[in-house]
Amino acid sequence: MALFGGFLRRLLKGLFRGKKDVKLGLYGPPNGGKTTLANKICVDWLGEEMGTASSVAHETREIQIKEQVTIKSKGKELTFNLVDTPGIATKIDYEDFLESGIEEKEAKTRAKEATKGVIDAIKWLDEMDAVVVVLDSTKDPYSQVNITIIGNLEARKIPVLIVANKIDLKKSDIKKVQAAFPQYDVLGISAKLGTHVEEFYEALFKITNK
Amino acid sequence: MPHQCVRCGKLYEDGEIDILNGCPCGAKMFYFLRKEKYERLRVEAAQKASLSADDREQMESDVYDMLGGDIDRDKPVILDLECVEVLQPGKYNLDIVKLFQNHSPFIIKLEDGKYFVDLDENFHRLAKEAKKK
């Protein structure tokens with residue numbers, strides 16, 4: 001049975017060679033708005049949400065994939081598999097979850113899952129064809145997490161678009177994000193309100209070379 | 001400047017005479033530590049010393065959960081590099097720079113001298129790299 005399974009896989013792979021699905025990853029620190037953006041994309045083009053967004057950090061603790069998302073802009077069409085990843089952090093402490101009213105036992109489980117989520121997100125990076133780094137534009141962009149993610153994408157030659165999210169908030173400072181990463185395209189958006197989302201879709205064509 | 005014994009990890013504050021005599025473990029080699037690093041290590045050491053047996057068991061079980069798959073729990077592996085450190089149940093430090101380095105083995109540090117290495121993941125990675133070449 002296993003042999004037959006392997007044969008079938010190879011046969012299917014052979015038949016569809018050259019039709020590789022484009023994998024578009026959403027990466028960034030926790031609470032940058034990755035899932036809110038993933039939901040916006042999925043609602044706009046598939047009519048359904050992808051996952052649950054929350055103000056509590058590390059809400060997404062497993063890799064979420066939405067296959068065959070097709071977006072259209074200016075007569076062009078782009079189909080990709082959208083990969084929403086858990087927020088990458090250098091320190092995960094269950095006590096941070098207690099402040100949000102989560103019970104201690106659940107908070108510890110959440111911390112464990114969030115840690116595994118970071119490891120998985122990093123493992124998946126090599127599978128990506130293009131990555132959107134989602135940053136909270138109200139926060140300081142010069143963090144170890146941001147610099148490490150973007151530096152590693154550059155080293156792996158994976159095309160990057162930096163999104164400065166939450167521009168609807170007063171403290172938002174896109175210029176600071178642009179100044180931190182001057183060699184990249186930085187696009188200010190509000191995933192929550194849909195501000196500049198058309199420009200965002202247009203930019204996806206650019207980073208995927210479509 | 002604060003010091004730490006290279007062999008047993010015991011911490012010494014600035015100017016302690018013990019350094020001249022050597023560590024009680026017998027070692028006479030010490031790391032020089034910056035004040036901030038000394039303070040951090042001191043707090044972490046105190047936290048770890050106060051962990052109960054249940055906490056330690058929980059930490060071990062959590063790490064097995066994180067690694068997943070079939071792991072031989074009777075085979076400890078010790079290496080001097082770690083990507084994830086478990087300070088106590090629910091508290092983790094992640095070295096994302098090392099995690100991003102594909103060639104590094106995936107290691108979780110549970111406590112001094114106790115590590116988990118995801119061998120399956122490493123073999124898979126090496127095979128993938130060999131294939132590319």
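**Notebook: loops, a covered strand and the A–B contact**

I began with Lys74(A), which lies in the loop between strand 2 (64-73) and strand 3 (76-84) of chain A. Helices (H or I, at least four residues) and strands (E, at least two) are taken here as DSSP runs, numbered from the N terminus. The model is predicted: local features need pLDDT of at least 70, side-chain atom pairs count only at pLDDT 80 or more, and totals for chains, interfaces and linings use all residues. Residues are numbered from 1 along each chain as its sequence is written, while chains are lettered from A and ligands numbered from 1 in the order in which they are written.

**Entry 1: positive phi in chain A**

I noted a positive phi of about 50° at Lys74(A), although this residue is not a glycine. Most residues other than glycine have a negative phi. Lys74(A) counts as exposed because it has 8 C-beta neighbours inside 10 Å. For this label I used C-beta atoms placed from the backbone: a residue is buried if 20 or more others lie within 10 Å of its own, exposed if 12 or fewer, and partly exposed in between.

I then looked up His196(A), also not a glycine, and found a positive phi of about 60°. His196(A) sits in the loop between strand 7 (186-188) and helix 7 (197-207) of chain A. With 18 other C-beta atoms within 10 Å, His196(A) is partly exposed.

**Entry 2: helix 2 of chain A**

I checked the span of helix 2 (residues 34-46) of chain A: its 13 residues reach 17 Å from first C-alpha to last, close to the 18 Å expected at 1.5 Å a residue. The expected span is 1.5 Å times one less than the number of residues. Buried residues of this helix include Lys34(A), Thr35(A), Leu37(A) and Ile41(A). I asked which elements the buried residues of helix 2 of chain A pack against. They pack against strand 1 (22-27), strand 2, strand 3, strand 5 (130-136), strand 6 (160-165) and helix 7 of chain A. Contact here requires C-beta atoms, placed from the backbone, within 7 Å. After helix 2 of chain A comes Gly47(A), with a positive phi near 80°.

**Entry 3: strand 6 of chain A**

I found six of the six residues of strand 6 of chain A buried, so this strand is largely enclosed by the rest of the structure. Val160(A), Ile162(A) and Ala164(A) are on one side, with Leu161(A), Val163(A) and Asn165(A) on the other. In a regular strand the side chains alternate between the two faces of the sheet.

Strand 5 and strand 6 of chain A run parallel and are joined by six bridges; two strands pair if DSSP finds at least two bridges between them. Val133(A) stands opposite Ile162(A). The chain passes from strand 5 through helix 5 (residues 144-155) to strand 6 of chain A in a right-handed β-α-β crossover. Right-handed is meant as follows: with the strands pointing away from the viewer, the path from the first strand over the helix to the second runs clockwise.

Strand 6 of chain A also pairs with strand 7 of chain A, in the parallel sense over three bridges. There Val163(A) stands opposite Leu187(A). The crossover from strand 6 through helix 6 (residues 174-180) to strand 7 of chain A is right-handed.

**Entry 4: chain B and its side facing chain A**

I recorded five helices and seven strands in chain B. Of its 133 residues, 24% are buried. Three strands of chain B form an open antiparallel sheet in the order 2-1-3. Its edge strands are strand 2 (11-12) and strand 3 (30-32) of chain B, each pairing on one side only.

How many residues of chain B are in contact with chain A? I found 14, in contact with 19 residues of chain A. Helix 3 (53-67), strand 5 (91-94) and helix 4 of chain B each supply at least two residues of that side of chain B. The side divides into nine nonpolar, two polar and three charged residues, where Ala, Val, Leu, Ile, Met, Phe, Trp, Tyr, Cys and Pro count as nonpolar, Asp, Glu, Lys and Arg as charged, and the others, Gly among them, as polar.

Strand 4 (residues 91-93) of chain A and strand 5 of chain B run antiparallel, joined by three bridges. Asp93(A) stands opposite Lys91(B).

Last, I looked up Leu99(B) in helix 4 (residues 96-100) of chain B. Leu99(B) is buried, because 22 other C-beta atoms lie within 10 Å. Not counting residues up to four places away in sequence, Leu99(B) touches Ile119(A), Ile122(A), Cys83(B) and Leu94(B).

Notes. Two residues are in contact if their C-beta atoms, placed from the backbone, lie within 7 Å.
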